[in-house]
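Here is a short briefing on one protein chain. Start with the overall fold, then move to one helix and its surroundings.

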Amino acid sequence: MKGLLIKDYRLLKNQKQFFVMMLGISIAFGFVYENSFFIISYMTFLLSMFTISTISYDEYDNGMPFLFTLPVSRGLYVTEKYVFGLITAVGSVLLSCSLALLVCLIRQTDFSWGELPPYIFSSLLMVTVLLSVSLPLQLKFGAEKSRVALLLAYGIILLAGYGALLLLRSMGLNVNALLERIMNMGTVFLGTSCLGIAGLLLAISWLASTCILNKRQF
């Protein structure tokens, strides 16, 4: 796995122009928006997208068949993508937090440490969902078709959520009161529940990605 991680981070290193542009836009957002913590979500989302693009780089010019002639199993390849995505997400959170702090110091505004954990937690949760949905689709359909499949997948998720909302209302349940009750269960309970759901989603996604790649013919 170490060799695969080095390969992907070398690909990451080659995208210097993209990172310079991203940093410039992030700093601009930090000065435009009153809350500089927006930088955390923005940078974490963009950097996590690079994990998905590394699969396209691997597939370019029949690179995937050559890769599997090396001592690399398909299961190890899939596992590395998830590990790479999570490591990149944590690194981007640390970088964006430092950048947000720097913007606050330049603007001479207060850096609210109490608001920082929710932004970090929500950003990492967003990356988890993104990787869980995108990686299996990328491995299944490739770079071009996966974009359409991803839009369809998120559309289905939204429709399912809306359908569940209508179902709860048709059963006579007060959705707002239910949400308020859930929010009042405490930060620790909510955080633990979200981590458990995110872990389960990643596990299901990893199993699906491994199954998809094992069935692919190169």
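How many helices and how many strands does the chain have? The chain of this predicted model has eight helices and zero strands.

**Chain overview**

- From the N terminus on, the order of elements reads α-α-α-α-α-α-α-α.
- The chain holds 218 residues, and 34% of them are buried.
- Take the contacts between residues at least 6 apart in sequence: 78% of these join residues at least 24 apart.

**Helix α1: length and faces**

- Helix α1 covers residues 2–13.
- Its twelve residues, at 1.5 Å a residue, should span 16 Å.
- Which residues of α1 are buried? They are Leu4, Leu5, Asp8, Leu11 and Leu12.
- Viewed down the axis of α1, these buried residues fall within an arc of 120°, so they line one face of the helix.
- The face turned away from that buried side carries exposed residues: Lys2, Gly3, Arg10 and Lys13.

**Packing of α1 and α3**

- Two numbers describe a pair of packed helices: the angle between their axes and the distance between the axes.
- For α1 and α3 (residues 38–59), the angle is about 105° and the axes are 10 Å apart.
- An angle of 65 to 115 degrees counts as roughly perpendicular, so α1 is roughly perpendicular to α3.
- From α1, the residues in the contact are Lys7, Asp8, Leu11 and Leu12. From α3, they are Phe50, Thr54, Tyr57 and Asp58.
- The residues of this contact divide into four nonpolar, one polar and three charged.
- Asp8, Leu11 and Leu12 take part in this contact, and each of them is buried in α1.

**Phe84 in α5**

- Phe84 lies in helix α5, which runs over residues 74–107.
- Is Phe84 buried or exposed? Its relative accessible area is 0%, so Phe84 is buried.
- Leaving aside neighbours within four places in sequence, Phe84 is in contact with Leu5, Asp8, Tyr9, Phe50, Thr51 and Thr54.
- Phe50 and Thr54 belong to the α3 side of the contact with α1.
- Leu5 is 79 residues from Phe84 in sequence. In space, their C-alpha atoms are 6.5 Å apart.

Technical notes. Residues numbered from 1 in each chain as written. Predicted model: local features only at pLDDT ≥ 70, side-chain atom pairs only at ≥ 80, totals over all residues. Heavy atoms only, no water. Axes fitted to C-alpha atoms, helices over the stretch in contact; angles between N-to-C directions. Helix = DSSP H or I, 4+ residues; strand = E, 2+ residues; numbered from the N terminus. Parallel < 35°, antiparallel > 145°, perpendicular 65-115°, else oblique. Contact = heavy atoms within 4.5 Å. Nonpolar A, V, L, I, M, F, W, Y, C, P; charged D, E, K, R; others polar. Expected span 1.5 Å × (residues − 1). Buried < 20%, exposed > 50% of the residue type's maximum accessible area, 1.4 Å probe, protein only. Arc of directions from axis to C-beta.
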